[in-house]
Amino acid sequence: MNIVLLGAPGVGKGTQAARIVAKYGFPHISTGDILRKAVADGTPLGLEAKRYMDAGELVPDEVVIGLVEERLTQSDTDAGFILDGFPRTVVQADALSEALARNGKAIDAAVSIDVDSDKLVARLTSRRTCRDCGAILGPDADGVLPETCRTCGGELYQREDDTVETVTNRLSVYERSTAPLIEYYRDKGLLREIDGDRPVDEVFSDVEALVAG
């Protein structure tokens, strides 16, 4: 199954994607990973992307789309894949559809994991990151934050992008840019909405039902 994974920061996309990969073996494809690898490998598109990145500019759609199309022609995507972080706009979604069609593929479902924005703000601003191992931790079942990292005992701190102001802005940007994309996939009959404000196992149960579909 070929899946586009949608959801605001903090809804748990990464957790669910990791579980899908572990159970079904689908490659988890993110544009960030593709960009970094293409730059490291020195491919023509990677070198072009690097010019923009070095100048502090956004990599143009046509370059990102070219990189995604290259990745989706690789044989490990033949049985299915999960796209995370792409497409972000309707223009990108149309280009993705055309690129897949050229290779005899199509998106089977756009899975949107949904959590109320107020709850996302609370969830993200309660996160702490370990200075030593980089683990991201939230409160325990009683709502209490650990004083040190549960993994390595390192010092915890709050990242700048986990403050209330930054989180609120990130969510606003996501809503503005993604709302048309949600409607795009809804109109095509591909949107599948999952309630993400539940325990991880319950959310994954719905994801499994969708994949087994």
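Y184 and Y185 are both buried, where buried means under 20% relative accessible area, exposed over 50% and partly exposed in between, with a 1.4 Å probe and protein chains only. The model is predicted: local features need pLDDT of at least 70, side-chain atom pairs count only at pLDDT 80 or more, and totals for chains, interfaces and linings use all residues. Residues are numbered from 1 along each chain as its sequence is written, and side-chain values use heavy atoms, with hydrogens and water left out.

The structure holds two aromatic pairs; rings of Phe, Tyr and Trp (its six-membered ring) pair if their centres lie within 6.5 Å, and planes under 30 degrees apart count as stacked, over 60 as edge-to-face and the rest as tilted. Y24 and F26 are stacked, at 5.7 Å centre to centre with 20° between the planes. Y184 and Y185 are edge-to-face, at 5.0 Å and 90°.

Helix 4 (61–72) is largely enclosed by the rest of the structure, because nine of its twelve residues are buried. Among these are V63, I65, L67, E69 and L72.

E69 and L72 also line the largest cavity, together with T73, A99, L100 and N103. A cavity is a set of points on a 1 Å grid over the protein atoms alone where a 1.4 Å probe fits but cannot get out, and lining residues have an atom within 4 Å of a point. The volume of the largest cavity is about 30 Å³. Helix 4 and helix 5 (90–102) each supply at least two lining residues.

Note on methods
1 Å grid on protein atoms, 1.4 Å probe; cavity = no way out; pocket = protein on both sides within 12 Å on 5 of 7 lines; lining within 4 Å. Points joined across faces, edges and corners; volume = space filled by probe spheres on them. Helix = DSSP H or I, 4+ residues; strand = E, 2+ residues; numbered from the N terminus.
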